[in-house]
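Please open the structure in a viewer and keep the selection tool at hand.

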Amino acid sequence: MSTDVADVLIIGAGASGGVAAKHLAEAGFSVVVLEQGDWVNQSDLPGLRPEYEVLGGGPWHPNPNVRQRPEDYPINLDDSAAVIGMFNGVGGSTVLYASCWCRAKPSDFRVRTLDGVADDWPVSYEELEPFYRQVEYDLGISGQAGNPAYPPGYAPPLPSLPINMAGRVMAQGMNKLGWHWWPGYNSIPSQDHLHQKKCERYGVCMYGCPQGAKGSTDVALFPDALAHGARLETRARVARISLDENGLANGAVYFQDGVEKFQPAKLVLVGANGIGTPRLLLMSESAGHPDGLANSSGLVGKRFMTHPFGTSVGLYEEDLEDWVGPTGEAIESMQFYETDPSRGFVRGSKWHIIPSAGRPLGMINRFTMGEGGVADEPFWGEAFTERMKASVGHLIEWMIMPDDLPEEHNRITLDHEKTDSDGLPGAKVAYVTGENTRKLVDWNLQRSLEAHEAAGATKAWITNRNNPSWHNMGTARMGDDPETSVVNRWGQAHDVPNLYVIDGSQFVTATGVNPTATICALAKRTAAYLVENRREQKVSTA
Amino acid sequence: MSITDVTIQPASAPVLSEEQRARLAVLADLLISGGAGLPSASGAEVPTQWIDRVLAVRADLDATVRAVLELEGDPGEVLAGLRADSPEVFGAFAMAVAGAYLINPRVRRGLGYPGPAPMKNPALPDEAEAYLEGGILDVVVARGPIYRPTPQG
Ligand SMILES: Cc1cc2nc3c(=O)[nH]c(=O)nc-3n(C[C@H](O)[C@H](O)[C@H](O)COP(=O)(O)OP(=O)(O)OC[C@H]3O[C@@H](n4cnc5c(N)ncnc54)[C@H](O)[C@@H]3O)c2cc1C
Ligand code: SF4
């Protein structure tokens with residue numbers, strides 16, 4: 001083990017950790033990254049094996065309780081209406097993510113001002129925009145410029161991927177209704193780009209990309225960080241962040257292959273995911289921080305938000321060839337994103353279509369849990385082959401991503417009974433889907449059935465009103481007031497000036513879109529701030 | 001990669017006895033009886049071949065399948081009983097059978113998949129534009145902005 005004091009210690013080699021490690025290493029900082037998981041070998045990924053979907057339901061499942069790898073920590077869901085997931089390894093959850101790349105919108109940052117609920121963010125869309133742009137270049141975002149759902153100027157660095165047959169069929173339906181749609185944005189390059197190869201459209205993105213195309217940070221960002229001298233320790237699980245006598249963070253205690261080690265550092269950045277970060281802060285309690293590190297507000301772990309999204313499907317006579325990838329967004333719609341009080345709820349939803357035929361086993365739940373009487377129709381026996389024939393390559397699925405408002409009773413705490421392979425406490429999630437979120441999903445699902453009808457579906461139904469999103473947010477929120485927030489507008493802990501949170505824990509509200517674009521933009525902004533303010537930054541010298 | 005590059009190796013070892021396979025054939029055929037141009041579960045070699053690949057990678061399903069195969073009685077009643085009283089066990093058993101069925105290359109072909117496993121489908125140079133032909137995106141743009149800007153002040 002090296003005991004060299006790192007300029008910056010980053011905990012977690014996921015989306016945010018990758019963004020910060022690349023930026024800070026390239027700026028000349030000595031960077032150490034501690035990651036509890038390992039590198040994922042492209043050849044170990046399940047996507048090109050015939051039984052890939054079966055593997056995706058077991059050892060490659062997003063829910064760590066199902067995967068049960070040694071690097072996973074248990075998540076107690078006894079009190080949670082949401083199933084939780086992430087991936088623990090270099091690249092973090094981006095190894096499995098669908099790559100739907102969604103900027104939040106200006107109104108997301110001004111929820112209190114515009115809609116009278118929750119809180120405004122201390123940053124605006126305009127402040128974040130340059131950082132969105134930079135990470136979009138680094139992660140190879142493909143998409144179409146000119147979307148009227150965003151302020152002018154949003155032009156992804158790479159041309160859009162084809163929207164494929166399903167996208168076109170639905171787009172025509174949306175046009176009949178006069179409803180907004182747009183070709184999807186994905187962190188999947190439509191041409192070779194930096195470290196990323198051009199997407200070959202295998203359509204197995206959520207099982208890890210066997211092509212090295214998808215913008216997971218192990219592929220897109222860590223090679224640059226390492227080339228600029230960053231040191232990445234894998235199988236290194238941080239047990240607690242330690243403090244010097246001045247109350248500044250001076251490094252972290254971690255376990256590597258069962259051995260306890262210490263990594264000293266002048267600055268500590270935590271990018272351990274919206275569940276892993278509050279878990280680590282709570283595990284880092286000390287005499288000066290009896291309720292967990294940086295928790296004088298009492299908000300560490302609270303205000304947990306996820307996106308319990310709805311799905312509806314339609315059957316189509318057209319041959320949609322829907323196994324053609326990527327399984328990111330084919331098209332999206334922002335028609336119902338902005339608040340309209342006449343709907344009986346505030347905030348809104350982004351809809352998107354992800355190809356479904358790459359996951360034929362998923363048809364089981366789509367039929368057997370289907371609403372509108374579908375679940376009561378025969379599925380097994382003689383019906384099985386008919387149902388599969390009618391749906392594989394002939395089904396379009398809308399995913400309805402709802403904004404989710406923060407509520408303090410939705411929270412992450414430590415579970416001292418279920419421990420990880422190093423004996424550290426697991427995380428316990430308490431989550432109840434809020435009334436606004438439920439109404440929002442229900443209303444939008446109804447509209448999505450109208451979209452299926454307009455697009456020519458022979459039959460359409462709602463399949464699920466509470467899908468697990470694998471989006472974990474809000475558990476160390478940012479804000480200007482130390483009494484009502486954990487970190488400030490730069491992700492800096494109010495209580496510990498050289499401790500920064502860089503992941504989705506900072507989110508003030510959930511936004512109605514997939515979070516990773518905003519997570520990466522925030523991490524980039526914090527990293528740029530640290531470089532710019534390196535002289536003023538308080539650091540531990542102990 | 002092309003179709004010929006996909007090699008389907010047999011699972012490491014036979015995992016079920018002949019009796020278990022025979023029982024599985026009966027139960028699996030009740031779940032997937034065949035039709036619409038596709039074979040039944042046993043016609044697709046689920047009990048004799050493909051189930052092995054599923055059980056080899058899913059210890060959880062292996063345990064469930066073995067437990068279900070132990071259940072004696074009329075096969076239809078066994079499945080109906082599980083479905084009514086132990087839906088999770090029924091779901092896992094059915095998932096294992098369907099998972100094995102959908103690995104069979106003949107089944108995949110019958111469902112229209114281009115190959116026995118996910119295949120490359122590189123986009124043609126003008127494919128993205130082709131899907132937008134007929135100005136389908138122009139009408140969206142023509143309707144103008146639909147976002148709420150950041151409030152000033
Ligand atoms: C199946 C799936 C599909 C998804 N699809 C999308 C999508 O299409 N679009 C989108 O925007 N988002 C998607 N997401 C979510 C997205 O992946 C996450 O929002 C994003 O990766 C979170 O970034 P992060 O940096 O907060 O954490 P992560 O990327 O999860 O990384 C955190 C890392 O920290 C490590 N870590 C945690 N605790 C410790 C510790 N104590 N010591 C050492 N290391 C630790 C973990 O092992 C992990 O590698 C998806 C997620 C999944 C699982
Ligand atoms: S579709 Fe593209 S991004 Fe997805 S797994 Fe295949 S090559 Fe990778």
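The model is a predicted one.

**First stop: chain A against chain B**

Colour chain A and chain B separately, and display the residues at which they touch. On this boundary, 69 residues of chain A are in contact with 58 residues of chain B. The two chains bury about 5,300 Å² between them, and carbon and sulfur atoms account for 65% of that area. Next, select Pro50(A), Trp380(A) and Thr385(A): together they supply 13% of the area that chain A buries against chain B, more than any other three residues.

Which elements of chain A give two or more residues to the side that touches chain B? They are helix H2 (52–56), helix H4 (111–115), helix H5 (125–138), helix H6 (164–177), strand E4 (182–183) and helix H11 (383–391). H6(A) gives the most, with 6 residues. Colouring this side of chain A by class shows 36 nonpolar, 18 polar and 15 charged residues.

**Second stop: ligand 1**

Select ligand 1 and display the residues around it. The shell comprises 34 residues, of which the closest are Ser16(A), Glu35(A), Ser93(A), Asn273(A) and Thr516(A). A polar side-chain atom of Asn273(A) is 2.8 Å from an oxygen atom of the ligand. A backbone N or O atom of Val238(A) lies 2.9 Å from a nitrogen atom of ligand 1, and a polar backbone atom of Ala98(A) is 3.0 Å from a nitrogen atom of ligand 1. Is ligand 1 buried or exposed in the protein? Taken alone, ligand 1 exposes 1,000 Å², and the protein buries 98% of that.

By class, the shell around ligand 1 holds 15 nonpolar, 16 polar and 3 charged residues.

Remain with Asn273(A) and inspect its backbone. Asn273(A) is not a glycine, yet its phi is positive, at about 90 degrees. Asn273(A) belongs to helix H9 (residues 273–283) of chain A.

Select ligand 2 next. Among the residues around it are Cys199(A), Cys205(A), Cys209(A), Arg201(A), Tyr202(A) and Pro326(A). By class, this shell has 8 nonpolar, 2 polar and 2 charged residues.

Centre the view on Pro326(A), which sits in the loop between strand E9 (309–315) and strand E10 (331–333) of chain A. The peptide bond that joins Gly325(A) to Pro326(A) is cis, with omega about 0 degrees.

**Last stop: a salt bridge within chain A**

Finally, select Asp224(A) and Lys22(A), whose side chains form a salt bridge with an N to O distance of 2.8 Å. This pair links distant parts of the chain: Asp224(A) lies in helix H8 (residues 222–227) and Lys22(A) in helix H1, 202 residues apart. Over all chains, the count of salt bridges is 41.

Notes:
Residues are numbered from 1 along each chain as its sequence is written. Chains are lettered from A and ligands numbered from 1 in the order in which they are written. This is a predicted model: local features need pLDDT of at least 70, side-chain atom pairs count only at pLDDT 80 or more; totals for chains, interfaces and linings use all residues. Side-chain values use heavy atoms; hydrogens and water are left out. Contact means heavy atoms within 4.5 Å. Buried area is the accessible area (1.4 Å probe) that two parts lose on being put together, summed over both. Helices (H or I, at least four residues) and strands (E, at least two) are DSSP runs, numbered from the N terminus. Ala, Val, Leu, Ile, Met, Phe, Trp, Tyr, Cys and Pro count as nonpolar, Asp, Glu, Lys and Arg as charged, and the others, Gly among them, as polar. A residue is near a molecule or strand if one of its heavy atoms lies within 4 Å of it. A polar contact is a pair of N or O atoms within 3.5 Å; within protein, one must be able to donate a hydrogen and the other to accept it, and residues adjacent in sequence count only if both atoms are side-chain atoms. Accessible areas come from the Shrake-Rupley method with a 1.4 Å probe; for residues, only the protein chains shown count as cover. A salt bridge is a side-chain nitrogen of Lys or Arg within 4 Å of a carboxyl oxygen of Asp or Glu.
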